[in-house]
Amino acid sequence: MENKKLKPTTLQAVSPLAVMIILLTVGVGIFKLRAEPIILICASFAAIIAMRLGYTWEELQKGIIEKIASALPATLILWSVGLLIGSWMFSGTVPMIIYYGVDLINPRFIYISAFLITAVLSTVTGTSWGSAGTIGVAIMGIAQGLGMSLPITAGAVVAGSYFGDKLSPFSDTTNLAPLAAGSELYEHIKHMLYTTVPAAIVSLAVYLIVGLSTKSSTVTTESVNIIQGQLSGIYHWSILLLLPVVIMLVGSVLKFPTLPTMVVNSLVSVVIGVFVQGFTLKNGFISMINGFNVTMTNFDGEILKDITTLINRGGAVSMTTTTVLVFCSMGFAGIMSTSGMLDVVLEAILKRVKTTFGVIISTIASCFTVAFVTGNSYLSILIPGELFSKIYLERNLHPKNLSRTLEDSGTVLVPLIPWSAAGEHTWQRL
């Protein structure tokens, strides 16, 4: 006989969220502790409340497994991004972009260039993480060589990456938002232009003004020449090094599956590294899994710290920390969702909604709440989408309004949350 389940009270439902906010604020924000153990503590607290409501551990475990399973496709892409970064460093693709980019990009327009280049790449590839972790890394290297502000450049890279991600038909969140809201994909993308394009125009204006008012005199031409000299001493430049970029673009245009495209791209990059750079196949495979290291090149001489910081990166293993964070977040979300506590929190918000404006604001607040406590863009789209879909129909609001609101708030906020998967991945890669 199935145990009788009690509906959580508002206090019971809010308690795990309040505990998480307090612990994350104090632990991560003040004492700089790891977020994963804190999330596990909060998940345990939520599990205790759920069991008092009549839920068994087997039921909660099933909910956790279902949430983790829902995140596995994104996790596989995350690992493939690690493969791609390590192999692009091994082949010399990113270093060559840095080498020639220092000469081609005007320092006054570096911030605009960072935004536009990553926006185009993420639009055609459908991955903000891949854009920030590959071309974004190259742009950061160029900015470093020109003596420009790295924080501003990183902000432009992230903004451009997520601009393209939001409008790409190949993006997981862009497909997920209309699915949750009940609208159509390209209808959703078209509706997104009303908010995304004005934001992009304002951003470009700011980047132009800041760029024109910034001087790049902090790094001398001699320093730039040293960086270029070391890169050219480590790698051999060839047009073949751009083949991985072409493969990525062609695969996206022809709508090849993202994961196989990235894996094949990584293998091709390793082959390029072997035949063009003269590196060993063994080190190529190591680069894919553990990341590239400059010691693989047998470069004779002392290497600048800036060079090692730039190219010693990538590999599937580098994504392990982010993967663990995703699983911890999914564990907490699974318990909150299975026990109905998250639904009670969102229902409490809906009781105060009286107008159409209030519906929109409540949707945004709900997306922010889920994103903040779970650090997961998928949950911040799916859960509010399921909850608000009927409300929008009852108020004669087209589902595309809900899908746009979900993506505007659920997708964009997550990379700004330090303990989220997207936040940790993006900023660590840059």
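A nonpolar surface patch is taken here as a group of Val, Leu, Ile, Met, Phe, Trp or Tyr residues that each have over 30% relative accessible area and no salt bridge, with side chains joined within 5 Å. In the predicted model, Ile22, Leu23, Val26, Ile30, Phe31, Leu33 and Ile41 form such a patch, and together they have about 660 Å² of accessible area. Helix H1 makes the largest contribution to the nonpolar patch, with four residues. Ile30, one of the patch residues, is located in helix H1. The relative accessibility of Ile30 is 56%, and Ile30 is therefore classed as exposed, the cut-off being over 50%.

Charged side chains were examined next. Side chains of opposite charge can pair when their charged atoms come close. Three salt bridges were found in a search of the whole structure. One of them joins Lys5 to Glu59, with 3.1 Å between the closest N and O atoms. Because Lys5 lies in the segment before helix H1 (10-30) and Glu59 lies in helix H3 (residues 57-91), this pair ties together parts that are 54 residues apart in sequence. Both partners are partly exposed: Lys5 has a relative accessibility of 25%, and Glu59 has a relative accessible area of 24%. Lys5 is also placed over the face of Tyr55, at 5.6 Å from the ring centre.

A salt bridge is also formed between the side chains of Arg34 and Glu36, with an N to O distance of 2.9 Å. Arg34 is partly exposed, at 47% relative accessible area, whereas Glu36 is buried, at 7% relative accessibility.

Asp408 and Lys166 likewise form a salt bridge, in which the closest N and O atoms are 2.9 Å apart. Asp408 belongs to helix H20 (residues 399-413) and Lys166 to helix H8 (residues 150-167), so the pair ties together parts that are 242 residues apart in sequence. Asp408 is partly exposed, with 23% relative accessible area. Lys166, with a relative accessible area of 9%, is buried, because the value falls under 20%.

Eleven aromatic pairs are present in the structure. Phe90, Tyr99, Tyr100, Tyr235, Trp237, Phe279 and Phe292 are linked into a cluster by ring pairs.

Note on methods:
Residues numbered from 1 in each chain as written. Predicted model: local features only at pLDDT ≥ 70, side-chain atom pairs only at ≥ 80, totals over all residues. Heavy atoms only, no water. Phe/Tyr/Trp six-rings, centres within 6.5 Å; stacked < 30°, edge-to-face > 60°. Lys NZ or Arg CZ within 6 Å of the ring centre and 35° of its normal. Salt bridge = Lys/Arg side-chain N within 4 Å of Asp/Glu carboxyl O. Helix = DSSP H or I, 4+ residues; strand = E, 2+ residues; numbered from the N terminus. Buried < 20%, exposed > 50% of the residue type's maximum accessible area, 1.4 Å probe, protein only. Patch = residues over 30% accessible without salt bridge, like charges linked within 9 Å, V, L, I, M, F, W, Y side chains within 5 Å. Areas by Shrake-Rupley, 256 points an atom, 1.4 Å probe, with all protein chains shown as cover.
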